[in-house]
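Please have a look at the sequence and the structure first.

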Amino acid sequence: MPPQTSPTTRTKLDLDPVTVRKARSLAQEAGRPIVELAQQHTTVSVERATLRLAGLQGADADGIPWVNRLLDAVRGDVGLEHGIALPVWDALVRGEAEDLSTLAQKASVGSVRFRLPEGRDLTRARSASAKQVGAGLRRVDARRRERDRLVKRFGDPDHQPWIYLIVATGDIYEDMPQAQQAAREGADIIAVIRSTGQSLLDYVPEGPTREGFAGTYATQENFRLMRAALDESSKELGRYVRLTNYASGLCMPEIAALAGLERLDMMLNDSMYGILFRDINPVRTFVDQRFSRQVHARAGIVINTGEDNYLTTADAVEAAHTVTVSQLLNEYFAKEAGLEDWQLGLGHAFEIDPEVPDSFRLELAHALLARELFPEAPLKWMPPTRHMTGDVFRGYLLDAFFNLAGMLTGQGILLVGMMTEAVVTPWLSDRDLALQNVRYVMNAAGNLAEDFHPSPDGFIAQRARQVLAESIELLERIHAHESTAPGAGPGLLAAIADGTFGLMKRPADGGRGLDGVARKAPGYFNPATDLLEAK
Amino acid sequence: MSIVRPYGDTTGDGMVQLSFTLPISSVGDQSKLAEGAAAQLAAKMGLDPALVVHAKPMGPDFTFFVVYGRVHHLVDTDQVQVVERDYPLLTPKEVNLAIRKGLRRRLTVVGACIGSDAHTVGIDAILNIKGFAGEKGLEYYRELKVVNLGAQVSVPQLVERARAEKADAVLVSQVVTQRDAHIANTREMSAAFRESYPSSRRPLLIVGGPRFDETMAEQLGVDRVFARGTTPGEVASYLTDQLVTRRGPARQEVPA
């Protein structure tokens, strides 16, 4: 099972349930128009993910995946707005090719013409596509059952929070032994950081990769190799070691599908990260988000959201409430897409300037607020980065306080902080020292969370209430927001356009990937969406 | 006094500490050999005597060491080469005043992270109002027009935007240094600007990042390199010095 939250019999902050309900319903009001927007549109990546679920793999001699080739051909003939399934399976039913891969090859040299089937042809194309995509989803289901079996056999970590470590060599064959070593040293979760820049590629690279910048490309084959390596580790260590990657950027839906097919266990998947930090078009992001979350829900994958990132650009005290607002929005979007509480690794971070008086108390207040607002979610607790200066000794001390805050406030997933943050990519010894730090705090603090009850009217409880109140104010402002930016309209899109989150201004008609978005035509059909929403 | 030595707890004791990992086992009876190996490395590095104070096995194949020891090297501060600040530090008010008087229009700065680099921390620290190290970023300066293009901007995009905005200065931040990407990207950028502008009209090219060496400006083809710890105030002062004070009233073409 997912990281369980430590059972809190009574709440420590004594948040007013009416206020909490109000915050949730405001998030829902802000999110609902976005969901409607997502339902009205499709994207090239959603359609390509559908082809991937139907089993289309591989790439041409230039490394361009067949899903891209086929989609481009179909789009050229009949457009994107009807969905890819009808024209593709109509061609297959007509006997233009014996399978998807042959069809893609023929289409890419222009020897197939696509059309929108009607009448009986439409019915046939519809049922053929549903059958093939359904088989893909059943493979995802089988991988989920396989995970359940392995977790049952090998077991979950016997401590809380779960320990999350990153590997990032750029070479999958170097990553595998490093990940196995990290697991031996105590990692419960391995994240393979992606190569810088992958989020802006409008295709998923193919095959095993040995060249990456500050990370390793996410490919289906790399997923498979790493999962197999960690299955070996799970067997060796007698506990199931989880694997994380990133469903973000322009290919988020496809990567989600590949993660489901290759039994990845967690995926970074934030509703607004791509918009704010990668300048990806907001509509593209929200459409891709919804589909990828539906896939994650089906695959039993725990998502990790990216609120920590806001605090790397905005001040962690002043902007604390933007984290809470984003968590509430992420929760709303996640649940709407079918994810359950145990799948919500909502993010937050220890990023307050250590020079601020009472910074640790403030951190505890923020962490506890997240804990109590989302009592069933396995929160993702991120280490300090912004105030890591290169003084590795001071950094080690900060990481210890970060670890302590994590234990005290019952966080679910702890990303291990490195004292060489901002200096080098972690050395072997950095990781070892970092894990010693975690183990010491875990062991020394024991179940200190049990004894930790901030005074009901003390600094911590008051600060938490203040952040919650500011969150509600911000949600109300978002609701009433009229943008000055063109084309944004009111509400959340307008607020994003005006720089409400992370201080970045992202208008709805700007950003990358907008040309890959289409408004659905009447009669739009996507078997994957239908099946994912059917359950 | 220009000769110094490291200071442990007494003047002139020459004491230093270091830590490193060797790919050798220190499990069981291997530990003596491992410590000896660490002492040998320290001795070759000039520590005499070298004290291996800590040796910890990391798995079966690696050992982490902490070593203290005395070095006999002398440091001559007269021979240290640094890039001295060759421009006066101004307050935001002074910068605004100098630009208003000297340029009679706003000074335009275009900033970006180029290449595959997605780390906007550096450029944001300098440009965003929020700023860095207690100083407000360049957006705060009334007489500066700041265009922050964000991350993963291609060089042609940057040049095009710089032309469109009639940029006086272009600021580029590079954080990712794998395979010396920061060097290659910066050279590509400076070459592109040289190609598309006559030299008298080229905007001032500034690059910054934690792994740059301030002495490399010429090699990289840029006007200035800013290393880690640079504050927005320093950048603003430099811009004013170069584009207003030194150029005098020469560049007052058309007010934008």
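A crossover counts as right-handed if, with the strands pointing away from the viewer, the path from the first strand over the helix to the second runs clockwise. Helices (H or I, at least four residues) and strands (E, at least two) are DSSP runs, numbered from the N terminus. This is a predicted model, in which local features need pLDDT of at least 70 and side-chain atom pairs count only at pLDDT 80 or more, while totals for chains, interfaces and linings use all residues. Residues are numbered from 1 along each chain as its sequence is written, and chains are lettered from A and ligands numbered from 1 in the order in which they are written.

In that sense, strand 4 of chain A, helix 9 (residues 252-261) and strand 5 (residues 266-268) make a right-handed β-α-β unit, and another such right-handed unit is made by strand 3, helix 8 (residues 220-237) and strand 4 of chain A. Strand 4 pairs in the parallel sense with strand 3 (residues 189-192) over three bridges, where pairing requires that DSSP finds at least two bridges between the strands, and Leu243(A) is the bridge partner of Ile190(A). Strand 4 is also parallel to strand 5, again over three bridges, with Leu268(A) as the bridge partner of Tyr246(A).

Why is strand 4 of chain A largely enclosed by the rest of the structure? Five of its five residues (242-246) are buried, so the strand is largely enclosed; buried means that 20 or more other C-beta atoms, placed from the backbone, lie within 10 Å of the residue's own.

Definitions and conventions: A residue is buried if 20 or more other C-beta atoms lie within 10 Å of its own, exposed if 12 or fewer, and partly exposed in between; C-beta atoms are placed from the backbone.
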